[in-house]
Amino acid sequence: MEEVDVEPTVTNIPGIGYGKHMGFAWGPGDILVYETQFKASGPSLSGPAGLFIHQVRKDEDIYSPILRKLFNESHHIFVGLQTIKEDLPSKSRRTQFVSISRNYRSVIRACMEELQQVAVSTRDTEMATQYGNQVSILLAIELIWNLCEVLYIDAAPAGSLLLHLLDWVRLHKADVDEKARDVLQSDSPAEHHNYWDVVVSYVLQGSLVEARQMLVKQANLQPASRDMYKLMDSLLGKMPFFNPGGTETVTEFDVKWSNWHKEVESYLKDNSFASNHHLELICKILVGDEDTLLEQKELLSTWYHFLVTRLLYCHPTVKPFELHYYAQSCLTMFLDSRSVQEPLDSILLAAFEYDICLVIKDCSIVLNNWWFVAHLTDLLDHCKLLHSHNLNFGSNMREFLLLEYASGLFTHHSLWQCAVDYFDHCPELGRACLELQIERVPLGTERKALKVLRICEERQMSEQVRSICKIMAMRALRNNRLGSALSWSIRAKDAAFATLISERFLQDYCAKGTFSDLDLIDNLGPAMLLSDRLTFLGKYREFHKLYGEKRFKEAAKLLLSLMTAKIAPQSFWMTLLTDALPLLEQTEVIFSADQTNELMYCLEELTSSLNTTAPGADRPMQQEDVEQTKVELLRLSLARNLAMAVVKEGTMET
């Protein structure tokens, strides 16, 4: 079951006994957990109070209109990822994987921005809090995903690694740019109370171009200190950054950076900035003084920002396998002994330690749905980073998480369609789970039933196809929609049900004298072979069409074949014989002598079977009189037609 993401609602009810037991009941999309109490002798109305009913809801994020966009958009990205060919060169594959990872993050960020806008605009305090919580979760998700992209998917080497980590920190530390805007929009930016905070923050982030631009404004206000500002500007401008696309090697860059670092240290030892404590602070940051960096906790705000700043000014060519050492030491230094390590800290630390399984496990526990871990694990699996991590209960980690996520989507009235593709790409247990889940989709309308049916037919899920068609056929039959019921029974290839509905069609015809749903009956085609009764229905309708087109001989031949081939039920013979009367009364002889004899034989067989029934047992007297009248008319017409046919055939022979 999904992680509980809200406090369960609690309802106090009176106690009913002493021995405690726990019961539960499933509801539509949630579970009701309740405590029961019984005495040994049976239930009692008296007893201690204190029973509670807990309504434990499943993942509620899928019911958020904004977050549904996240699920829908990421579904398209997921499907596209599955189409990447295995035989592509590793460099091309990695480029595609990085692009897909960024697509996932862009969807997360778009949803996050929309949630922020709604949270600000809403007047409902409770909803604003809920939106704010969702924004916080998405912020954490993107932070983790971005780090995993840098460390695992892009797998940046030494030199490039720090540049990626700087971009990671800058992306998730946007408050600096907001402060900078406020400062620059003021009448005197250099005198703004946040001016130096902005400058130092830019330096801590490695955004040295922006820091130099801000320092120029202060230098213009202090002509006496212009040389000092010019020196600081020179040091900031000369700080080397590794260029991944250049010809410079990591070793050459390391030498260049060391020379620059020594130069900064020399100016700090010479007290070149002693007269300006702000510039001296910046100089200490540039040499990577740990005490100075730790003094800027408020501006750094997080231990991982402190980590990246420390690497920037102390170990710019840090190698991937060294990260875990620096991450652990920075976490220890940044958090004091009284601070409690948050779940996010543990997840990021596990990421820096390259423990992918621990990252996924902790995220599964902490986050309130399976979306993040399912999609990230799938991407990492495509990168061949999880091939050795199999579980002990039937599937690998990727498939297990995708199945859990897809099962959650199936509880939603529209997202269940997205879930189908996730099941499709789980080779071991996906089909079995889809077969179980598809049967639980409520078939509220025929349109929805057709969607479900198409999915089952495309995957050759014959049992589910039959089940859906039978359900819809029964529902249509209960609502007296015979055409729809027949259509569903044909689709289910259910001969027994098709026979039953065909009987209803014939009963309606006998009662009303006309067929309903003519288009369906006229276009049965090969489907009429599903059952004898359906074949008769189709052929009988064909007889009426031939008669209507005045193709009397063809109609007569078809009518006779329906009776002699025993396709027509004997209970319907009287109707067929009655239909033959207009053909017998035609001026032109339609039935030949042999055909007339066959009709007479059928009539006698019918009357003999009627005579064996006790008079009045099943039919009222009036109905018996009508039947008898019909029989006499038929005998008369048949005799007259036989005489005419004999004369005509004898004349033709002579």
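**View 1. Helix α27 and its buried residues.** Start with α27, where F552, A555, A556, L558, L559, L560, L562 and M563 are buried. Here, buried means under 20% relative accessible area, exposed means over 50%, and partly exposed lies in between, using a 1.4 Å probe and protein chains only. Helices (H or I, at least four residues) and strands (E, at least two) are DSSP runs, numbered from the N terminus. This is a predicted model, so local features need pLDDT of at least 70, side-chain atom pairs count only at pLDDT 80 or more, and totals for chains, interfaces and linings use all residues. Residues are numbered from 1 along each chain as its sequence is written, and side-chain values use heavy atoms, leaving out hydrogens and water. Just after α27, K566 takes a positive phi of about 60°.

**View 2. Helix α9, one face in and one face out.** Which residues of α9 are buried? They are F253, W257, W260, H261 and V264. Seen down the axis of α9, these buried residues fall within an arc of 105°, so they line one face of the helix. The arc is that of the directions from the helix axis to the C-beta atoms. Turned away from that buried side are the exposed residues T251, K262 and K269. The buried residues of α9 pack against α8 (226-238), α10 (277-286) and α13 (303-314). Contact means heavy atoms within 4.5 Å. Just after α9, look for N271, with its positive phi of about 60°.

**View 3. F352 in the largest nonpolar core.** This core has 191 residues, and F352 is one of those touching the most other members, along with L165, W168, W303, W371, F372 and L576. A nonpolar core is a set of buried Ala, Val, Leu, Ile, Met, Phe, Trp, Tyr and Cys residues joined through side-chain atoms within 4.5 Å. Not counting residues up to four places away in sequence, F352 touches several residues, including L147, L151, L307 and A327.

View 4. How many disulfides does the structure hold? There are 0. A disulfide is a pair of cysteine sulfur atoms within 2.5 Å. For C148, the nearest cysteine sulfur, that of C363, is 7.2 Å away. C148 counts as buried, at 1% relative accessibility.
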